[in-house]
Amino acid sequence: MNPVSASTAMEAGKTTPMQLLRVYALEAKYEWLKTIRNRAFALPALLFPLMFYVFFGVLFSHGNEQAATYLLCTYGVFGVMGPALFSFGAGLAIERGQGWQDIKAASPMPAGAQLFARVWVCSAFSLIIVLSLAVVAATLAGVSFTILQWLGLIAIWVLGGLPFCLLGLTLGLVLKADSAPAIINAIYLPLAFLSGLWMPLTILPSIMQQFALLLPPYHLAQLALKVANLDMQQPALMHGIVLLVFTVIFLGLARLAYNKKAL
Amino acid sequence: MQNIYSATTNRQIPVLSEADSAERSTQHCVARVAKLAKTFQGKVALNDVDLNIMSGQVVTILGANGAGKTTLINILLGRMGFDHGEVSVFGQTPGSLAVKRQTGAMLQVANLPETLKISEHIQLFQAYYPNPMPYQQVLDYAGLNDMQERFSRKLSGGEKQRLLFALSICGNPKLLFLDEPSVGMDVSARQGLWQAIRDLKAKGTAIVLTTHYLQEAENLADHIVLLKEGEIIKRGNSDEFKASVSAKVIRFCSPHTLANFSALPAVLNASQSGKYISLQSSAVNQSLQALLQCYPDIEDLSVSGAGLEDAFLHLNSTPLPLTTSPVNQQGVAS
């Protein structure tokens, strides 16, 4: 065996784009398998939004098409937030607590591969959730949209999950494993309620309507409601900018948390 | 095939220097630590540590909890910065991608993602490395042939350790860190692990091992380093460690309390583990005579030379939570 020279070390540092692509693909595949097989996560994430919608949007709305349409838009946001906060947040916190992330960090896995894999899994879950909501809404609740409206709505939901992925990432890097699920629930559920995802803010005191302007799910829900023309008639650009600002803030916080952890 | 004639000419060279030169050409320094110092909030974690890690060698780091073993490994892995000194791995900064691709690490992990199969874990980690070890070879080394399709949820503690070992070697590492690898393993799994470590060593892999299980150090280590309060207080091979203790060990069962025995003549140190009492004696005959005279009811008496464990305790002189049953006591039972 020859002494390790700088050149062999350099050689070991080279990767072909194909190899890199393969790592990303495998990481995404196994992240997906890992998540979908985890029933304690997958079943609530997939079924809760659908169940809530069937109860409140279909059964209790007594054929009120407007209510069914409103709740479809907002439960879609609720459904997208779940995997983002729990898979990213709680899942990551638990793996960190176990020491598993230390093994990953000591391996030459590209950090981007894991990030990509988790975003992909969140998006895939989001897509399944909103598609199942859409099927129930169209068949049982009598919600009628054009194809373009449906596509726009699905795009808003799935893309709108990104800031919540980054929020989940930050929480996953900061929280302790044993308390992470409880804390994330304590953020998720009030955030959903205060953003008007469960009932229209118009039936709540005006102070709460003001407060909702500070919450990212409110703005995503308003964008979704705009498709059905049931929103508060605020400019779409404002909602978009606020979501973008939150995305940048959460990205900054996640980077901060990641660097602090790496020290 | 060996050429008889060249073999004959080779024999003219003295055997010793032949082995010597062979060793020199096959071994090289994989990682170098010089004058390393690290403090955590004013508390010294490592001080003035020098260490060369050679290819084809097992370096065992011993030390009590908090002696700095994990800190040293984390610095070598590039997961932690340091205050003073120099650390280079493969001539590069620890933790760089090029270094990680030639390094394997088996760290202490409470659990791994439960919903992936053993085969999936291994295949994913193989993909991280440019020249992965063949899948079947990884399974053979780690002894996981019969459980490829098992989910990691259903593994026992020892089986999880074997999977973690598999993940640490699947990149064909030239430098391998093993932090307490045999925890929770049964005897046959441990033997398998030791054999795998010897094979990898023979292939030129440099191995850094920490363990609480001193028989492991004794069986595997070419070089032992004892850390105490962040400093290397002793280095050498297993025999050199044992030689640092000239005392013999008298071991027996007794209903009497420990305090009774420490006053016996020539007894340097008395300790108790379970119902057994161990006395370190600088003059065995003297101690034994007094012991048998004063306490004729003792049972299960044995006398042995100091093992690595005794050397370790002697050098470290702080008791350790050693869970080892009678190790290193190739004793004379009477």
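These legends accompany close-up views of a predicted model. Residues are numbered from 1 along each chain as its sequence is written, and chains are lettered from A in the order in which they are written. Local features need pLDDT of at least 70 and side-chain atom pairs pLDDT 80 or more, while totals for chains, interfaces and linings use all residues; side-chain values use heavy atoms, without hydrogens and water.

**View 1. Chain A is built from 12 helices and zero strands.** Helices are DSSP runs of H or I with at least four residues, strands are runs of E with at least two, and both are numbered from the N terminus. The C-alpha atoms fill a box of roughly 80 × 35 × 35 Å along the principal axes. Of the 263 residues, 48% are buried (under 20% relative accessible area, 1.4 Å probe, protein chains only). Contacts are heavy atoms within 4.5 Å. Among those in chain A with a separation of 6 or more, 75% join residues 24 or more positions apart.

**View 2. Helix α3 of chain A bends by about 30° at A:L47.** The bend is the angle between axes fitted to the seven residues ending there and the seven starting there. The helix spans residues 39–59, and the proline A:P49 follows the bend within four residues. A:P49 is itself buried, and the buried residues of α3(A) also include A:F41, A:L46, A:L50 and A:Y53. Their cover includes α2 (17–36), α4 (65–98) and α6 (111–139) of chain A.

**View 3. A:A117 sits in helix α6 of chain A.** A:A117 counts as buried because its relative accessibility is 0%. Leaving out residues up to four places away in sequence, A:A117 touches A:E27, A:A28 and A:E31. A:L159 is 42 residues from A:A117 along the chain, and their C-alpha atoms are 16 Å apart.

**View 4. The largest nonpolar core has 79 residues.** Such a core is a set of buried Ala, Val, Leu, Ile, Met, Phe, Trp, Tyr and Cys residues joined through side-chain atoms within 4.5 Å. The residues with the most contacts inside this core are B:L72, B:L76, B:I122, B:L144, B:F165 and B:L175. Beyond its neighbours within four places in sequence, B:I122 contacts residues including B:Y135, B:V138, B:L144, B:L163 and B:C170. A second, separate core has 68 residues, including A:L50, A:F78, A:V121 and A:L167. One of these, A:L50, is also among the buried residues of α3(A).

Note on methods
Buried means under 20% relative accessible area, exposed over 50%, partly exposed in between (1.4 Å probe, protein chains only).
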